[in-house]
Amino acid sequence: MQIIDLLVIIAYLVATAWLGLKLSGKQKDLQGYFLGGRNIPWWAVCLSVVATETSALTVIGIPVMSYLGDINYLQLGLGYILGRVVVAFFMLPRYYDGEMLTAYAYLGKRFGTSTQTTAGVTFLFTRLLADGIRVLAAAIPVKVILDGLGIHTNYFVIIVVLSLVTIAYTFIGGIKAVVWVDVAQMCLYVAGGLLTIIVITASFGGGWITEAASAGKLNMFIFEGNPISAPDSFIPSLLGGAVFAMASHGSDQLVVQRLLSCRSKIEAQKALIVSGVVVFVQFAIFLAVGLALWAYYDRALPADLGLSRDDEIFPLFIIEGLPPGISGLLLAGILAAAMSTLSSSLSALSSSTVNDVYARLKKTPMTDAEGFKVGRWATIGWGIAFILPATVFQSDEGNIVILALGVAGITYGGLLGAFVFGIINKRATAVDANITFALAVAVNAFFFVMEKYVTGEVWVAWQWYPLLGVIVMVVLGGLLSLRHPKAANRNTVAEVEGSNR
């Protein structure tokens with residue numbers, strides 16, 4: 001790596017930070033800080049959703065899948081499209097039915113304060129773990145960069161620095177800054193993936209495609225294996241992936257916050273569905289990058305190349321295989337994209353902290369100025385909290401994308417199940433929802449812990465975690481609700497509470 005690359009990285013990071021703040025302006029109220037005044041174009045929200053759910057995890061983690069395996073991950077992309085369609089027409093209309101700042105406001109409307117707070121706290125905990133992994137994903141290319149410059153440090157130091165920088169980035173601009181920088185970052189790192197394919201093709205011709213085909217690495221559909229425990233097979237990838245997308249895009253505040261910043265429900269639906277198609281194309285690009293790298297490095301294992309993690313294979317090529325300047329620009333794009341995704345998470349975490357926890361536990365009504373102030377302090381607190389899970393997960397040797405999805409899936413089932421349960425079961429109460437919610441999370445946590453830290457065997461593929469949680473919520477919650485008299489026209493708890501004041 002040359003000095004020009006380092007200068008490009010510094011210049012690019014400064015420019016993107018300036019761009020985000022320039023486009024967003026200084027936010028002065030709660031809705032502007034968390035929803036951008038609900039005036040962001042659908043196409044920008046669409047690209048921001050894609051950048052947020054993938055970012056550095058995609059750029060770093062997905063090429064490794066095809067490098068060491070094949071392109072069966074595209075099956076999951078099909079499931080993601082299917083799940084988004086369901087969310088667009090089944091869940092989004094409920095979010096736009098009234099002024100809701102978070103995904104969990106619907107649960108508060110249906111069940112009352114206790115369920116909204118329970119869902120909000122669960123989101124905070126899950127997002128903390130998942131985003132700890134995102135911080136680690138951002139640290140990986142930084143470490144490769146520093147090693148290339150002869151500066152050898154550990155992941156912990158890098159994680160601390162990235163967390164502190166991200167806090168400053170999010171503190172001022174709010175969601176508007178995050179969305180517009182997401183758009184710029186996504187365009188850059190996708191262009192970097194395409195450039196990698198072009199450079200390797202120019203060096204080897206199209207031979208890498210033929211080599212990959214002869215080695216069986218172009219297999220997209222896998223119909224073998226147990227559909228319950230085989231994460232690479234078609235059924236869990238398509239159906240499990242669809243339910244996973246319903247949970248991540250219908251009940252995760254990180255995504256819902258963006259959809260609520262659109263100008264209308266129709267634009268939000270358009271942004272969500274189109275984002276599924278964009279994600280599928282993006283998966284295909286970075287899987288192709290992995291195949292090209294596999295040929296470029298003559299089928300060598302990452303460990304044989306002196307790498308400490310498999311995820312370092314693409315950053316290594318960026319430094320070694322791309323022209324000076326271009327190498328620095330792409331590394332800057334990956335780093336800035338990772339940081340913009342982390343700032344998205346900070347915005348969502350602080351939003352949920354203010355509206356789902358602080359406002360619900362406060363005895364007196366929360367003023368807009370008070371919520372704005374608490375939201376900014378929450379941004380600082382959650383940014384610092386990222387450091388612990390990022391440090392813990394750095395020792396995990398599995399693929400970083402699968403690790404992040406598995407962690408998120410633990411509570412996605414309970415969150416999605418709570419929405420479905422509240423919609424289809426008219427007699428259920430907050431107690432029923434809260435008890436079964438806790439059980440749904442506990443069931444998924446059991447399978448995750450057993451696989452990762454006890455037996456090492458997959459009993460239930462991570463794609464099934466959300467569906468498993470929904471089943472627990474609907475079935476056990478339904479049984480609990482039988483204690484109550486049937487009430488087809490039951491008022492929401494929020495309405496009952498309001499009438500008693």
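## Exercises on a predicted helical model

Residues 24 or more positions apart account for 86% of the protein's contacts with a separation of 6 or more. Keep in mind that you're working with a predicted model.

**Exercise 1. Find out how many helices and strands the protein has, and what share of its residues is buried.**

Step 1: Start with the secondary structure, which comes to 21 helices and 0 strands.
Step 2: Now turn to burial: of the 501 residues, 59% are buried.
Step 3: The accessible surface is about 18800 Å², and carbon and sulfur atoms own 68% of that.

**Exercise 2. Decide whether S327 is buried or exposed, and list what it touches.**

Step 1: Locate the residue: S327 is in helix 15, which covers residues 326-361.
Step 2: Look at its relative accessible area, which is 1%. Buried means under 20%, so S327 is buried.
Step 3: Leave out residues up to four places away in sequence, and the contacts of S327 are D5, I318, I319 and L322.

**Exercise 3. Classify two aromatic pairs by the angle between their ring planes.**

Step 1: There are 14 aromatic pairs in the structure. Take Y80 and F283: their centres are 6.1 Å apart, with 55 degrees between the planes. Stacked needs under 30 degrees and edge-to-face needs over 60, so this pair is tilted.
Step 2: See where the partners sit. Y80 is in helix 5 (residues 74-90) and F283 is in helix 13 (residues 265-296), so the pair links parts of the chain 203 residues apart.
Step 3: Check burial for both. Y80 is buried at 5% relative accessibility, and F283 is buried too, at 2%.
Step 4: Move on to F221 and F223. Their ring centres are 6.3 Å apart and the planes make 20 degrees, so you call this pair stacked. Here F221 is partly exposed at 41%, and F223 is exposed at 63%.

**Exercise 4. Work out which ring the charged end of K217 sits over.**

Step 1: The ring is that of W294.
Step 2: The charged end of K217 is 5.0 Å from the ring centre, inside the 6 Å cut-off.

**Exercise 5. Describe how two pairs of helices pack.**

Step 1: Know what to look for. Packed helices are described by the angle between their axes and the distance between the axes.
Step 2: Helix 18 (residues 400-424) and helix 20 (residues 465-481) pack at about 40 degrees, with axes 7 Å apart. Their crossing is right-handed. Residues making the contact include G406, G409, G413 and G417 of helix 18, and G469, G477 and G478 of helix 20.
Step 3: Helix 13 packs with helix 14 (residues 313-321) at about 65 degrees, and these axes are 11 Å apart. This crossing is left-handed. The contact is made by F286, V289, L293 and Y296 from helix 13, with F314, F317 and G321 from helix 14.

Key. Residues are numbered from 1 along each chain as its sequence is written. This is a predicted model: local features need pLDDT of at least 70, side-chain atom pairs count only at pLDDT 80 or more; totals for chains, interfaces and linings use all residues. Side-chain values use heavy atoms; hydrogens and water are left out. Helices (H or I, at least four residues) and strands (E, at least two) are DSSP runs, numbered from the N terminus. Buried means under 20% relative accessible area, exposed over 50%, partly exposed in between (1.4 Å probe, protein chains only). Contact means heavy atoms within 4.5 Å. Accessible areas come from the Shrake-Rupley method with a 1.4 Å probe; for residues, only the protein chains shown count as cover. Rings of Phe, Tyr and Trp (its six-membered ring) pair if their centres lie within 6.5 Å; planes under 30 degrees apart count as stacked, over 60 as edge-to-face and the rest as tilted. A charge sits over a ring if NZ of Lys or CZ of Arg is within 6 Å of the ring centre and within 35 degrees of the ring normal. Axes are lines fitted to C-alpha atoms, for helices over the stretch in contact, and angles run from 0 to 180 degrees between N-to-C directions. A crossing is left-handed if the near helix is turned anticlockwise from the far one by less than a right angle, and right-handed if clockwise.
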